[in-house]
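Biologist: Could you take me slowly through one part of this model, starting from a strand pairing and going on to what surrounds it in the chain?

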Amino acid sequence: MTGPVLARAAALIVLTAAVALFPLAAGTYPVKLLQEILIWGIFAMSLDLLMGFAGMVSFGHSAFFGIGAYTAALLLPKFPGLLAALVAPAVAAGLGALVIGFFSIRVSGVYFIMLTLAFSQMFYAVAFQNAFLGAEDGLVGIPRPAVLGMSIGSTGAFHAYLLVIAIVCALFLWRVVRSPFGHVLRGIHENEARMQAVGYPVNRYKLAAFVIAGMLAGVAGSLYTQFVGSISPSAFLWTTSGEALLMVIIGGTGTLFGGILGAGAFILLQSLVSSYTERWMLILGLTFVLLVLFAPGGIVGALRGRVGLRA
Amino acid sequence: MAGSDLFAQALNGLSYGVLLFLLSVGLTLIFGMLDVVNLAHGSYYMLGAYAGLALIAATGNFWLALAVAPLAVGVVGIVVERTCLRPLYRRGPLDQVLLTFGLIYVFEDLVKWIWGGRIRSIPTPELLASSVNVWGAVIPSYRLFVIAFGLVMAIGLWLVIEKTRLGAIIRAGVYDSEMTAGMGINIHRVFTLVFAFGAALAGLSGVIAGPIQSAYPPMGASILIPALIVVVVGGLGSLKGSLAGSLLIGQAETFGKAWLPGASMLIIYVVMAVVLLMRPQGLFGRALK
């Protein structure tokens, strides 16, 4: 057992180092793509906690991405610190998840999908019509925060900042799914009625998972605002949730780190395809259809099947 | 607001409700029978509008388009059900939801490819181009036609579902499709039929909406949300619920736009939340499992 674990740890360290040193070797555009992958990777991993472990397929995860993004966009111009950049967006998104979750977790399966979808669209409606939130144009000119008194305006500094946060989020989620809490979630996924019968307060566990996932989605949304420097209501659109679902599925549902791989495949494919043709949406849709039909395990699933890699 | 304005708004809401009804009937029946939340249902609405546009451009006849475009969309529905959904029935309902999400992108981009991305208006048929004066309110004749058409469709659907053998099979399938298959019914053929029929109704809704709302590629994705809310509010799998939900959401949205322009988009979600708090299974839904 030690051999493969060491090999995988070494592979992870090499990969992390490669990502960290990437800006030294590559031009501006590839570095931006990599940063985007890190941000969407956090978002996709947080969704995988719900989908792959708790078995709750949410079509409204964009709500928390958007709440985090707008919280950061409102606060950062006045308070350019980590409190406004990370803590407040996570808390705000967590509160949003608490409210939406309270209504949604009472139902499951397709009912859950429809409710979460409707709730995220409700936030879209609010952002689209609220002058305080910049209505349909959104908020622009959002500064990046200062970390420990240092500016992270430069590409290299921002890259390091993103990487550290992505690693912290990944490790945190990894701890969560391996904790007793994570095992209960998996138990609920496998057989909810039995977990209930054994005496677990199933709904409380589901709500807790929903809130944790929402908070990390909020962090991702805030990072996205800092990355782009602006935010518009389309962050809330349910298609944003759908694209995150696709990333999770491409990577492999229930594999956690697959979310980052999926985000990478999605964003690289998007940038590659759109440089050749305008038909990106068609290719995206067909990819989705073919993946669901023929490769439900995603990249990680395919790797496990071919190379015999095990979790 | 004067009485005649109120009346005009109510009629606007009614005609919007009719469009939602034609969409949500298919959505709710497909859900009830096939256990599929068909996110691509709005795409059939869009395809209907564009098929109607093409047929009117080719023949100049709105009525021909109204009859033929839904059939074309129904054929697309048959192909989708046979090739994409059927292999997934043994898997969970979630795979089907994801698949139909992918189809939204496929259909929307195909429409953009063929017809371009800009808004295309569909002319009102000449016969209905005028307006009538009803109780002091000036109402476009076309809206009255839409309302009357919707009423006829609702009664027709009710007759088919409640009074015919096919309707009995569909009701049985919504209640328990395995048991229905066990009684010797070829349930897969009924699945295809219901799916195609739902798609055709959505297409019909798209053609009718054309002269009111024009045709534009994202129209499918944006009508889907109100249609889903209608289904949630009315109760999944219920024809009555779909009618009641459509009328309720149609009025809520129309009056919201008139009275609360700053928060009009929010109204339908408030209606949904209130209904769900009081009746989680929707107005006419069966109790949740």
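Modeller: In chain B, strand E1 (residues 131–134) and strand E2 (residues 137–140) run antiparallel and are joined by 4 bridges, where strands are DSSP runs of E with at least two residues, helices are runs of H or I with at least four, both numbered from the N terminus, and two strands pair if DSSP finds at least two bridges between them. B:Val132 has B:Ile139 of E2(B) as its bridge partner. The two strands form a hairpin with 2 residues between them, and B:Trp135 in that turn has a positive phi of about 50°.

This is a predicted model, in which local features need pLDDT of at least 70, side-chain atom pairs count only at pLDDT 80 or more, and totals for chains, interfaces and linings use all residues. Residues are numbered from 1 along each chain as its sequence is written, while chains are lettered from A and ligands numbered from 1 in the order in which they are written. Chain B averages a pLDDT (the predictor's confidence in each residue, from 0 to 100) of 86, with 98% of the residues scoring at least 70, and the model scores ipTM 0.79 and pTM 0.85.

Further along chain B, helix H8 (residues 187–213) has 27 residues and reaches 37 Å from its first C-alpha to its last, close to the 39 Å expected at 1.5 Å a residue, that span being 1.5 Å times one less than the number of residues. After H8(B) comes B:Ser214, whose phi is positive, near 65°.
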